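Have the structure open while you read.

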Amino acid sequence: MKISIFGSGYVGLVTGACLAEVGNEVICVDVDQGRVDMLNSGEVPIYEPGLDVMIARNFKAGRLHFTTDAKTAVEHGLFQFIAVGTPPDENGSADLQYVFTVAETIASHMSDYRIIVDKSTVPVGTADEVRARIASTLACKQGTLEFDVVSNPEFLKAGAAMNDFMSPDRIIVGTDNPRTTELLRELYAPFNRNHDRFLTMDIRSAELTKYAANAMLATKISFMNELANLAERLGADIEQVRHGIGSDKRIGYSFIYAGCGYGGSCFPKDVNALARSANEVDYDAELLKAVENVNTRQKQLLFQKIHAHFKGDMSGKVIALWGLAFKPNTDDMREAPSRALMESLWDVGAKVQAYDPEAMEESRRIYDNRDDLIYCESPEKALEGASALVVVTEWQVFRSPDFGQIKKALREPVIFDGRNLYDPIQLKREGFIYHGIGRGSF
Ligand SMILES: NC(=O)c1ccc[n+]([C@@H]2O[C@H](COP(=O)([O-])OP(=O)(O)OC[C@H]3O[C@@H](n4cnc5c(N)ncnc54)[C@H](O)[C@@H]3O)[C@@H](O)[C@H]2O)c1
């Protein structure tokens with residue numbers, strides 16, 4: 001099948017590569033000429049395990065193309081995917097300008113029936129607006145072409161995106177036209193062989209499903225963080241509580257880790273955008289606001305612990321920071337807890353020696369060169385001369401370090417464990433002062 005994808009970011013590239021992998025002819029479009037040039041010269045602008053290999057294979061096979069030429073892309077694909085960003089605007093709502101620009105671009109070049117598939121995360125009602133804008137652009141051209149608009153939200157997890165796309169838990173398709181449903185069923189058939197994961201529904205419900213999924217996951221995290229803060233004050237250990245409740249099948253073990261807050265390009269913005277959508281229909285979404293407030297507070301927790309430990313004497317202190325990415329296996333630092341921590345540390349005159357397996361280049365892009373942020377070539381180098389170690393991202397490489405070496409390298413044997421990776425008893429035995437999250441019984 002012929003497919004065009006507008007937006008060559010995390011979602012657009014993974015979608016493009018996976019659809020090409022099963023034999024489709026895919027054109028990925030982006031307005032960023034630099035990004036398209038990189039892709040055409042064999043470089044992949046983001047880190048996602050397995051993506052580079054799949055792009056290279058399909059690019060070489062001539063099934064995957066990258067361009068800034070929207071007209072060619074609109075002529076090419078029966079399916080026109082929208083996979084552009086929907087960042088928060090100044091009041092927290094989803095900024096839909098990129099989605100609408102793509103809709104109008106598609107309409108301005110359309111000369112035949114097209115299915116516009118919205119993969120971006122967008123508020124309920126966006127498909128209606130996309131449809132209206134396409135119709136109005138077509139009307140200006142004095143044309144009355146047939147087209148359909150479909151909501152097909154993306155549920156991939158950064159860091160495991162290739163597998164999530166190739167073997168999805170579900171494929172949600174919101175449509176009001178049975179013919180479109182069948183065409184999408186055909187498109188997704190290669191990813192739907194093991195058992196039927198294809199779920200069709202009305203467009204508005206599909207749009208809301210994506211927000212509901214992210215809001216539910218964010219709620220689980222904030223709930224556990226709230227409990228962790230309580231455990232700390234009540235002399236209980238959130239890790240033992242986690243095992244205790246996870247064993248209940250109705251609750252389960254996933255997404256109930258306490259930590260230093262969630263980040264990324266999706267949870268913070270989607271929880272906020274859903275709360276804003278609620279406002280617009282005169283509903284006060286109290287739970288959603290609390291989820292986000294708890295998270296904002298949680299992102300300050302590591303700093304507060306560090307500040308309290310050093311009794312506010314932070315000026316000139318060097319802090320070793322392990323993990324910049326908002327989670328392991330990605331270089332994405334959007335809304336990452338590391339950013340809130342580093343910015344607070346800099347405000348009080350501390351310096352950061354950071355190591356991350358993938359996100360240091362992204363950090364350089366965000367923060368440029370500054371004297372109070374030193375990038376280190378290994379986790380061990382980051383420790384040298386530092387007054388404490390802070391673990392912010394739970395990369396595998398940080399899970400079982402040589403504590404003897406850490407103790408030797410640090411000025412003081414202090415560890416702030418923002419992901420509860422380590423055993424407080426073992427660390428105390430090794431002579432460390434250990435600060436975890438919600439570990440009040442140690
Ligand atoms: N990143 C994730 O893990 C993830 C997961 C599920 C859903 N989503 C949603 O998918 C959407 C895309 O997210 P992302 O992380 O891939 O974004 P991204 O910022 O990585 O990529 C968006 C790309 O769109 C391009 N773009 C902007 N305007 C364009 C236009 N008019 N024509 C062509 N390209 C254009 C940008 O240059 C950029 O390369 C968002 O709505 C997001 O919420 C993201």
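Start at Ser265: an N or O atom in its side chain sits 3.4 Å from a nitrogen atom of the ligand. Keep in mind that this is a predicted model. Thr86 also uses its side chain, with an N or O atom 2.6 Å from an oxygen atom of the ligand. Val11 works through its backbone instead, where a polar atom is 2.8 Å from a ligand oxygen.

How much of the ligand does the protein bury? On its own the ligand exposes 840 Å², and the protein buries 88% of that.

## Who lines the site

Two helices, H1 (10-21) and H5 (97-109), are the elements that give two or more residues to the shell around the ligand. There are 25 residues around the ligand, and those that come nearest are Val11, Asp30, Thr86, Thr121 and Lys269.

## Where H6 meets H9

Now look at helix H6 (residues 126-140) and helix H9 (residues 203-234). They pack at an angle of about 125°, and their axes are 9 Å apart. Because of that angle, H6 is oblique to H9.

Which residues make the contact? From H6 come Thr126, Ala127, Asp128 and Arg131, while H9 brings Ile203, Arg204 and Glu207. Sorted by class, this H6 and H9 contact has four charged residues, two nonpolar and one polar.

Conventions. Residues are numbered from 1 along each chain as its sequence is written. This is a predicted model: local features need pLDDT of at least 70, side-chain atom pairs count only at pLDDT 80 or more; totals for chains, interfaces and linings use all residues. Side-chain values use heavy atoms; hydrogens and water are left out. Axes are lines fitted to C-alpha atoms, for helices over the stretch in contact, and angles run from 0 to 180 degrees between N-to-C directions. Helices (H or I, at least four residues) and strands (E, at least two) are DSSP runs, numbered from the N terminus. Angles under 35 degrees count as roughly parallel, over 145 as roughly antiparallel, 65 to 115 as roughly perpendicular and the rest as oblique. Contact means heavy atoms within 4.5 Å. Ala, Val, Leu, Ile, Met, Phe, Trp, Tyr, Cys and Pro count as nonpolar, Asp, Glu, Lys and Arg as charged, and the others, Gly among them, as polar. A residue is near a molecule or strand if one of its heavy atoms lies within 4 Å of it. A polar contact is a pair of N or O atoms within 3.5 Å; within protein, one must be able to donate a hydrogen and the other to accept it, and residues adjacent in sequence count only if both atoms are side-chain atoms. Accessible areas come from the Shrake-Rupley method with a 1.4 Å probe; for residues, only the protein chains shown count as cover.
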